[in-house]
Amino acid sequence: MKLIQAQNDQAVGELAAQKFIEVIGKKKDAVLGLATGTSPLSTYSALVNAYRNGKVSFREVRTLNLDEYVGLTEDDEQSYHRFMRENLFDLVDIKLENTHVPCGTINPEIACKEYDALLDRYPIDLQLLGIGGNGHLGFNEPGTPFTQRTHLVNLTEKTRHDNARLFASLDDVPKQAVTTGIYDILRAKELLLVVMGENKAEAVAKMLRDPISEDCPATVLRDHPHVTVIADAAALNLLTKQELEEFK
Ligand code: GLP
């Protein structure tokens, strides 16, 4: 695992975008695993800028997102389908038919099976990740078996609370989601975790220090051979100098 410290949110985004541009530069039909939430916003905005400046094209690229809330239609303001269109897909030259986000409005069992088939068909070259305050990846909450594939999740109260800032009220935050499992996250050739803010410092420290276990899903990233973490100083402020050196 390689840890890169960036000055601020924007710098995290620019470095992460650079990684995407390199991957697409080598393989124009690369398969990208994408994430939602606040953390990847600066990455998407740097990618949109790079596209506008002619530095990258998404014409042949395919994308598979990590997760979606259950019960929100694609057009719902809080759906991850809509998030992806507003922050990336509608702003670059990607073909919408090459973008995939788990479906939150059909029978979850069918949605999960369909998504697993897509994951098998299109192996991911580069997977972007954020980390939840409790160490979750995608919506894989603590306790989720690492062997699980796409599945229905009951969101923890912590996660609903953390994500409530984006909804009108806590009651509006869905109680369930469909998420890609840790098994498939680990199958990506390369993983890129973007982290910013003090509220993530504890999760980052646990990811690096705790035993690798389902109690803190992000610890599993230490098992993957190609992981880059790009973080701002606030997200790293619980780490010792020695730890920062060790993961350099
Ligand atoms: C959500 C998403 C995750 C994301 C996490 C952190 O629960 N499902 O994929 O990494 O929250 O979100 P944020 O970046 O907004 O802190």
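Which residues surrounding the ligand are the closest?

1. The closest are Thr38, Ser39, Asp67, Arg165 and Lys200, among 14 residues that surround the ligand (a residue counts if one of its heavy atoms lies within 4 Å). By class, this shell has 3 nonpolar, 8 polar and 3 charged residues (Asp, Glu, Lys and Arg count as charged; Ala, Val, Leu, Ile, Met, Phe, Trp, Tyr, Cys and Pro as nonpolar; the others, Gly among them, as polar).

2. The model is predicted: local features need pLDDT of at least 70 and side-chain atom pairs pLDDT 80 or more, while totals for chains, interfaces and linings use all residues. Residues are numbered from 1 along each chain as its sequence is written, and side-chain values use heavy atoms, leaving out hydrogens and water.

3. A polar side-chain atom of Ser39 is 2.5 Å from a ligand oxygen, and one of His136 is 3.0 Å from a ligand oxygen. For Asn163, the distance from a side-chain N or O atom to a ligand oxygen is 3.2 Å. The protein buries 95% of the 390 Å² that the ligand exposes when taken alone (Shrake-Rupley, 1.4 Å probe).

4. There are 5 aromatic pairs (ring centres of Phe, Tyr or the six-membered ring of Trp within 6.5 Å; planes under 30 degrees apart are stacked, over 60 edge-to-face, the rest tilted). One of them, Tyr44 with Phe83, is edge-to-face, at 6.4 Å centre to centre and 70° between the planes. Tyr44 lies in helix H2 (residues 41-52) and Phe83 in helix H3 (residues 80-87), so this pair ties together parts 39 residues apart in sequence (helices are DSSP runs of H or I, at least four residues, numbered from the N terminus).

Definitions and conventions:
Polar contact = N/O pair within 3.5 Å; in protein donor to acceptor, adjacent residues only side chain to side chain. Helix = DSSP H or I, 4+ residues; strand = E, 2+ residues; numbered from the N terminus.
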